[in-house]
Amino acid sequence: VVSTTTQFAHADAPTRSDFMGNDRMPYAAFDRLPHTPITVRNATLQLGFAPGDLALSHDQVRDWVAHSAGVVAAFYGKFPVDSARILIVPVDGGGVRGGTTWAYHGAAIRLALGSRATTDDLKNDWVIVHEMTHLALPDVDERHRWLSEGLATYIEPIARVQSGDLTDQKIWSDMARDMEKGLPANGDRGLNNTPTWARTYWGGALFCLVADIRIRRETKNRFGLQDALRGIIAAGGNHEHDDWSPDRIFDVGDHATGTKVLTTLYAQMGEKPYAPDLEKLWRDIGVARQPDGSVVFDDAAPMASLRKAITAKPR
């Protein structure tokens, strides 16, 4: 076990409260820390550690950040931004305790890492990939937060399967269990107007799942949501831009796949409740839920090939 307490030589050095005291990224305090550069494809990430003790070494944390950035870069074909600050803040407890992403003064992610976190905690963590995925979408307003959180909720496990960090069985059993949380309840007024936790995260993820299946069905599996998102990134639509409306995001994504799936689905789900038949969708893509929560794949199902393509390694 290696202690990673950061030592500061001067009295006005930042303290832990400077890094966790509010919901804003402490850019000025971060910039006073020593930085470790991490190069991932097109991007350079600057990794900094706030004061505090960790059971993990800085090198172990650096390897985790670099690997996670590689997972995201593989999904999108490049890392979503050319540079980003990654701030690790030691906190009490184990595991990864949470994360937040900002872009108002350059792309930045703050991760709260438990002082007792282990290498297994890092291996099994989903938070860092979720947060890095936020960098791959223009900074939408609160009304459209379901798009940002929904994309991250949907993409994170898929990217980790494509990289070999998760299994198909794991993510499809999780989706079959959790996706119904995103269905509209009584009084729902569409994703733009129903800012509950379930509709923000799982309603947004449901939008992504339905979009992915529709794009693949319409293009005979030549394209999927991944291609639409790569097209948005290629057009400059990352988290450092806050002047992209959802209409523009979906239009650019549709152009990349040669469809109108995203704009059409947004018209269905944005301002009014729309509940796809999830049980039929699972049957069509060959996902059969079992009493113990696991799933069995039916590769003879009519759209089983679409399910396989979603988690296949990207071209």
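1. Let me start at valine 296: apart from neighbours within four places in sequence, valine 296 is in contact with Gly286, Val287, Ala288 and Gln290, contact meaning heavy atoms within 4.5 Å. Valine 296 sits in strand β7 (residues 295–297); strands (E, at least two residues) and helices (H or I, at least four) are DSSP runs numbered from the N terminus. With a relative accessible area of 41%, valine 296 is partly exposed; buried means under 20%, exposed over 50%, and partly exposed in between (1.4 Å probe, protein chains only). Its C-alpha atom is separated by 7.9 Å from that of glutamine 169, 127 residues apart along the chain.

2. A word on the model before going further. It is predicted, with local features needing pLDDT of at least 70 and side-chain atom pairs counting only at pLDDT 80 or more, while totals for chains, interfaces and linings use all residues. Residues are numbered from 1 along each chain as its sequence is written, and side-chain values use heavy atoms, with hydrogens and water left out.

3. Now to the helix pairs. Two packed helices are described by the angle between their axes and the distance between the axes. Helix α6 (residues 145–162) and α8 have axes that come within 7 Å and cross at roughly 65 degrees; axes are lines fitted to C-alpha atoms, for helices over the stretch in contact, and angles run from 0 to 180 degrees between N-to-C directions. α6 and α8 are therefore roughly perpendicular to each other, on a scale where under 35 degrees is roughly parallel, over 145 roughly antiparallel, 65 to 115 roughly perpendicular and the rest oblique. Their crossing is right-handed; that is the name when the near helix is turned clockwise from the far one by less than a right angle, and left-handed is the name when it is turned anticlockwise.

4. Which residues make the α6 contact with α8? From α6 they include Arg145, Trp146, Glu149 and Tyr154, and among those they meet in α8 are Arg199, Trp202, Phe207 and Asp212. By class, the contact of α6 with α8 has nine nonpolar, four polar and four charged residues. Here Ala, Val, Leu, Ile, Met, Phe, Trp, Tyr, Cys and Pro count as nonpolar, Asp, Glu, Lys and Arg as charged, and the others, Gly among them, as polar.

5. The axes of helix α8 (residues 197–218) and helix α12 (residues 278–285) come within 12 Å and cross at roughly 45 degrees, which makes α8 oblique to α12. α8 passes α12 in a left-handed crossing. Leu206, Leu209 and Ile213 in α8 meet Leu278, Leu281, Trp282 and Ile285 in α12. That contact has seven nonpolar, no polar and no charged residues.

6. Trp282 turns up again in the core. Of the 86 residues in the largest nonpolar core, Leu45 and Trp282 touch the most other members; such a core is a set of buried Ala, Val, Leu, Ile, Met, Phe, Trp, Tyr and Cys residues joined through side-chain atoms within 4.5 Å. The largest share of this core, eleven residues, comes from α8. Leaving aside neighbours within four places in sequence, tryptophan 282 is in contact with Trp172, Met175, Ala176, Met179, Leu209 and Val287. A second, separate core of 13 residues includes Tyr27, Phe30, Leu87 and Ala108.

7. Not counting residues up to four places away in sequence, arginine 216 touches Asn221, Phe223, Gly224, Leu306, Ala309 and Ile310.

8. Most residues other than glycine have a negative phi. Lysine 220, in the loop between α8 and α9 (225–234), has a positive phi near 55 degrees, and at 74% relative accessibility lysine 220 counts as exposed. Asparagine 221, also in the loop between α8 and α9, has a positive phi of about 70 degrees, and at 22% relative accessibility asparagine 221 counts as partly exposed.
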